[in-house]
Structure formats: C-alpha cells, structure tokens
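This report describes the domain arrangement, the ligand shell and selected backbone features of one protein model. The sequence and structure are shown first.

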Amino acid sequence: MNMSQKPHLLLVKVPSYSDVIAPPLGLGYLAAAVRDSARVSLLDGVRLGLTPKKLYSTAKSLNPDMVGFSVVSAAKSPAVQCIGAVRKALPKAVILAGGPHPTAMPMEFLEETAPHLDFVLRGEAEEGLRILCREFPAQGVQDISPDDLNKIPGMAAIGKDTPICRPPAVREDINDPAMPAWDLMPPGQYPKAPHGAFFRRFPVAPALTSRGCSYGCGFCSVPALTGGKIRFRAPQLVAEELMALKTRFGVQEAQIIDDNFTANKAHALNTCRALINSGVNLPWTCPNGVRMENLDKELIQAMKGAGCYSVSLGLESGSAKVLNRMKKGLSLDHVGERVELLAKAGLEVNGFFILGYPEETRQDMKATLDFAKSLPLTRANFSLFTPLPGCPEWERLSADPAAMEGLTTTFSQVGYVPQGFSRSSLKRQQRKAFLGFYLQRRNAERLLASLRSREAVYYFARRAWHWMGAS
Ligand code: SF4
C-alpha cells in the first residue's frame with residue numbers, strides 16, 4: 001500500500017444460518033466511525049450466502065489491507081473457516097475479529113484461529129478500530145509494540161511474548177458516529193426476513209436508541225459484553241436517522257432493536273417525542289424483548305403516538321420457580337396486567353418464552369404454555385435455553401463438566417439439556433408449546449393474518465422449520 005493512501009478495510013459479517021437477515025448495525029457503526037481514516041467495504045455474509053471459498057476469491061479481488069470479522073457464537077465454526085480462507089487469500093493483511101463470541105472468549109478464539117487471526121477487539125470496537133486505521137499507514141499494525149497494543153481499548157492478542165487481553169471496550173458517548181454507514185448496507189437490498197419475522201411495510205430497517213443493559217438475567221450475555229451499563233443516543237439523532245432512512249433509502253418501517261428500549265422511561269418518552277416532532281411518520285416495532293417495569297399507560301400511549309404498533313416482551317416462563325432461577329425480577333401478576341394494558345391500547349404483543357432452563361421440569365413447561373395461552377398475546381415464541389459465553393448461567397454451568405457435555409451454541413440444534421430430559425424429549429416439549437399456542441383458533445388466525453406476502457410466508461416457513469425440526 002502507498003503510505004499516503006488510506007488503508008482499505010473490509011468488514012465481514014460471518015456467514016451462517018440465521019433466521020434474521022437484516023443490515024448488520026454493529027458493522028455499519030464501525031464503518032461510519034473509521035471513514036475519516038480508511039476506505040471501507042462491507043460484506044454481509046449472511047445476506048450474500050458467502051462460503052469460505054467465495055470469500056477467498058472476493059477477498060483476493062478486493063485486496064484490502066485489513067479485514068474485520070463480526071462473529072456471533074452460533075457462527076464460530078464458519079468464522080474459523082472464513083478467517084483461514086482470508087488469510088490464504090491475503091497473507092499480508094491484518095485480520096481482526098470482534099462481536100459477541102470473540103468478546104466473551106477472546107483467547108480461546110485466538111487459539112482456535114491461530115495463526116491466521118492477528119487481534120480481537122472486545123466490546124464496542126469503534127475506538128480500537130479508529131486507532132488501528134490511523135496507526136496503520138504510519139507503521140503497519142503488525143509492528144505495533146506490545147505497549148502500544150495494550151493502549152487500544154478492548155485489545156486481545158496472543159502477543160510475541162506476553163498475551164494481551166483488555167476488558168471489553170464500553171463507550172460512554174454513543175452519539176459519534178451519528179448513524180451507521182447505511183450506504184454500505186441499504187435496507188432495500190435485504191430479503192423479507194427482518195428481526196422478529198413480522199412486519200407490515202417493507203423495506204424494514206433496524207435502529208438503536210441505546211446500547212447495553214444493567215439487569216442481570218441469568219441467560220443473557222448482554223450486560224457482561226457491554227459493561228453492565230446502558231448508554232443512550234440523543235433522541236434527536238434517532239429521529240434524524242429514521243428520517244434519512246425514509247427519504248434516502250426508501251425505508252417504510254423501523255425496528256428499534258435496543259437491548260432494552262424501555263429500561264429508562266424518560267429516554268423512551270423523549271425518543272417518542274423526538275419522532276413525533278420530526279414528522280418522520282414511520283411505523284415501528286420493538287422486536288427484541290423489552291422489560292415491563294416502565295411500560296405504563298403514559299409510555300404506551302407515547303409509543304403508539306410515535307408510530308409503534310408492536311412490542312415484544314421477554315416473559316420467559318410461567319413458572320415462578322424458573323423465573324427466580326433466571327433472576328428475571330418479574331412477577332406473574334404484574335406481567336398479566338402489563339400485557340393487558342398493551343393489548344387494550346391496540347398494540348400487538350408478542351411473548352418470548354424460554355424452555356429447558358436448568359432445574360426446569362415438565363410441570364414448569366406446562367405452566368409456561370398455560371400462562372402464554374391465558375394472556376392476550378398476538379404471537380408467542382418458545383425458544384430452548386442456550387447458554388451463551390458471557391451469560392451468568394454459562395459461568396455457573398461451566399463449573400460442572402456433566403452439565404456442559406454436548407452443549408452447542410448454534411441455535412440450529414438443542415443447545416443444553418436439563419436433567420430429566422433427552423434432546424428429543426426437550427424438542428418434543430418445544431413443539432408441544434408451539435402447537436398448543438398456535439392451534440388455538442384466535443392465535444392461528446392472527447398468525448396467518450400477519451403474513452402479508454409470498455416472500456414473507458417463505459421466510460416464516462423457513463424459520464418455523466428451523467425451530468420445530470432440528471434436534
Ligand atoms: S434479557 Fe434483557 S433485561 Fe435481561 S439482561 Fe438481557 S438485555 Fe437486560
């Protein structure tokens with residue numbers, strides 16, 4: 001590379017099976033953060049159906065100086081193959097990885113991908129990547145001294161002499177960059193397989209109003225990966241982003257995919273007001289489960305007034321015993337009351353439930369199905385518990401080799417089997433829950449009415465097969 005030029009950075013979302021095929025916001029933010037100091041390309045391996053072989057030839061023809069991979073735990077194996085393929089195509093490029101999996105298990109991931117992967121950037125990688133892109137023309141990042149590497153937020157590397165492993169980077173100010181690089185991932189190029197599967201208008205674009213969460217649910221790795229701290233975007237910026245998505249990219253609907261949009265009522269209210277004042281007039285949903293503590297009449301009306309028509313709730317279980325073990329901090333009475341409020345306000349309400357939690361019994365699962373059927377839900381989803389690296393249950397179960405035996409984090413198979421079940425009996429319980437809920441006439445009709453195009457039906461059927469089929 002000519003040292004007067006900006007380095008060429010290729011960002012890659014690792015290809016793997018995913019129900020959701022949507023613009024990768026994390027990579028979009030990284031691209032926007034480093035555009036001053038790098039020329040950036042973005043490949044969404046999930047949307048493009050990339051294979052390691054295709055990635056090899058694409059990387060060779062693009063010939064970037066640096067390649068950054070975003071890796072979730074479910075895509076760990078394809079990530080190892082893709083990193084090997086890119087190293088073969090580009091022996092001199094700097095290769096780094098980030099995202100939930102390398103953040104939670106940096107040294108293990110570096111070992112698994114050795115000697116191809118140079119660095120892991122743990123946590124929110126904007127600052128770390130900015131430093132690497134700025135330093136790169138001057139000295140070549142492979143020659144950065146261990147002392148300098150140690151100053152990079154979130155850095156993990158095997159190192160020449162001593163391994164480096166800094167804590168996950170957590171950014172205080174998430175208003176810079178102002179929005180992701182949408183031109184590198186135009187929502188109109190994506191298929192009808194957005195977060196949560198259901199939508200009314202298309203194209204759909206995901207957006208963030210905050211990052212992180214300070215709760216401590218046992219099955220969730222978000223607090224550990226984001227420093228247990230919630231940070232907020234300026235509501236005005238959120239409104240400007242949605243306006244840009246609508247006017248420049250033809251977006252017809254937005255999805256607020258914060259880890260916890262309703263965690264702070266004042267922020268949620270201010271965001272709704274900013275959306276109303278901007279006149280953006282875009283329908284939106286919350287397809288990630290939100291917490292219910294702050295969902296009172298005032299907030300529900302504000303959300304509805306700002307265009308929200310559907311909310312997903314992390315209800316998790318109909319068993320108080322299981323909720324306690326999950327450390328969810330929810331009471332079943334309170335849940336019923338909040339779901340009623342949302343339904344009465346005319347919002348779609350989707351319930352997320354988890355089956356197969358440690359110590360859960362068939363009785364607990366029956367209680368969950370009965371509870372789901374008793375609520376005025378529009379839809380329900382029954383996932384099987386999968387302990388992900390970084391979540392409190394992962395730490396707890398890791399101490400017991402028998403509990404971890406055969407554990408997978410791919411989501412296409414049963415991830416964890418609690419005592420008293422086999423893989424197939426657990427899968428049967430999941431099918432029973434789905435059928436028990438959707439064979440109720442009211443729920444079946446609502447489900448069918450939600451599928452508004454042949455493509456939406458295709459992606460829903462693909463998702464249903466994935467959830468109901470594999471064991
Ligand atoms: S499940 Fe939701 S509320 Fe619980 S820790 Fe995760 S993000 Fe926070």
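How far apart do the C-alpha centres of domain 1 and domain 2 lie? In this predicted model, the separation between the two centres is 29 Å.

## Domain organisation

The domain assignment of the protein chain places residues 8–165 in domain 1 and residues 186–469 in domain 2. Their contact draws 22 residues from domain 1 and 28 residues from domain 2.

## Interface between the domains

Between them, domain 1 and domain 2 bury about 2200 Å², and carbon and sulfur atoms account for 59% of this area. Of the area that domain 1 buries against domain 2, 26% is supplied by Tyr17, Asp19 and Ile21, more than by any other three residues.

Two helices, H1 (25–34) and H5 (100–104), each supply at least two residues of the side of domain 1 that touches domain 2. The largest share of that side comes from H5, with 4 residues. Sorted by class, the side of domain 1 that touches domain 2 comprises 12 nonpolar, 5 polar and 5 charged residues.

A salt bridge links Glu124 and Arg211, with their closest N and O atoms 3.6 Å apart.

## Ligand shell

Which residues surround the ligand? The shell consists of Cys213, Tyr215, Cys217, Phe219, Cys220, Pro223, Asp259, Asn260 and Arg291. By class, the shell has 6 nonpolar residues, 1 polar residue and 2 charged residues.

## Backbone features

Most peptide bonds are trans, and most residues other than glycine have a negative phi.

Pro115 is placed in the loop between helix H6 (106–113) and strand S5 (119–121). Pro203 belongs to the loop between strand S7 (164–165) and strand S8 (204–207).

Where is Asn63 found? Asn63 sits in the loop between helix H3 (52–62) and strand S3 (66–70).

Notes. Residues numbered from 1 in each chain as written. Predicted model: local features only at pLDDT ≥ 70, side-chain atom pairs only at ≥ 80, totals over all residues. Heavy atoms only, no water. Near = heavy atom within 4 Å. Nonpolar A, V, L, I, M, F, W, Y, C, P; charged D, E, K, R; others polar. Domains from an automatic or database assignment. Contact = heavy atoms within 4.5 Å. Buried area = accessible area lost by both parts, 1.4 Å probe. Salt bridge = Lys/Arg side-chain N within 4 Å of Asp/Glu carboxyl O.
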